[in-house]
Amino acid sequence: MVNYFGIIASFLFSISYSTVGVFAGNMSKTMSRKKMLGLSCILWSCCTFGAGYVNSFAFFCLMRMMCGGFATCSNSSSFGLLADYFPPERRSLANAIESSGYYVGAALASSSIIIIKNFGWRAMYMTTGVFGMLCGLAVLLFVKEPKRGAFDKIK
């Protein structure tokens, strides 16, 4: 499986991430961004958890593709929420902090090596999946959907 790491980690995830992202942007205009953010986090985490149970390479690839598709839904919903939480003069800082989360997460992901070394790769996928599901649930329970266009100027 090591020979196929680039396909799994990069290509399959990225192709679904970039393709579904276009549709997710349109969806965030009409549905609750809070629900979209929370559910996308739960669903991509379920795919991550499910990747720990795979018994075939094809199913593992499917889980990674689905993970990418669900993960991209968080972008448009989170940026939309930030636009209505923060006035224009504070919005770029809020977006920068949100965007830096990706890189902080990538840095913290290297700690998954500890889980893999001590418990195996399946346990790592299951552990991160459960953590993500809890984060998605926290979004659904504690994030409030702001009024759309709260800071739009009336012309």
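How many positive and negative side chains does the chain have, and how far apart do the centres of the two sets lie? The chain has 14 positive and 5 negative side chains, and their centres lie 8 Å apart. Lys and Arg count as positive and Asp and Glu as negative, while His and the chain ends are not counted. A charge is placed at NZ of Lys, CZ of Arg, CG of Asp or CD of Glu.

The model is predicted: local features need pLDDT of at least 70 and side-chain atom pairs pLDDT 80 or more, whereas totals for chains, interfaces and linings use all residues. Residues are numbered from 1 along each chain as its sequence is written, and side-chain values use heavy atoms, with hydrogens and water left out.

**The chain as a whole**

The secondary structure consists of 7 helices and 0 strands, in the order α-α-α-α-α-α-α from the N terminus. Helices (H or I, at least four residues) and strands (E, at least two) are DSSP runs, numbered from the N terminus. The C-alpha trace spans about 60 × 30 × 25 Å along its principal axes. Of the 155 residues, 32% count as buried; buried means under 20% relative accessible area, exposed over 50%, and partly exposed in between, with a 1.4 Å probe and protein chains only. The accessible surface, by the Shrake-Rupley method with a 1.4 Å probe, comes to about 9,800 Å², and 71% of this belongs to carbon and sulfur atoms. Among contacts (heavy atoms within 4.5 Å) between residues at least 6 apart in sequence, 80% join residues at least 24 apart.

**Helix 3 and helix 4**

The axes of helix 3 (residues 57-71) and helix 4 (residues 73-85) come within 4 Å and cross at roughly 15°. These two helices are therefore roughly parallel to each other, a term for angles under 35 degrees. Axes are lines fitted to C-alpha atoms, for helices over the stretch in contact, and angles run from 0 to 180 degrees between N-to-C directions. Gly69, Phe70 and Ala71 in helix 3 meet Cys73, Ser74 and Asn75 in helix 4.

**Two residues**

Not counting residues up to four places away in sequence, phenylalanine 49 touches Tyr125, Met126, Gly129, Val130 and Met133. Its C-alpha atom is separated by 15 Å from that of phenylalanine 13, 36 residues apart along the chain. Cysteine 135 and cysteine 41 are 94 residues apart in sequence and 7.2 Å apart in space, C-alpha to C-alpha.

Methods
Angles under 35 degrees count as roughly parallel, over 145 as roughly antiparallel, 65 to 115 as roughly perpendicular and the rest as oblique.
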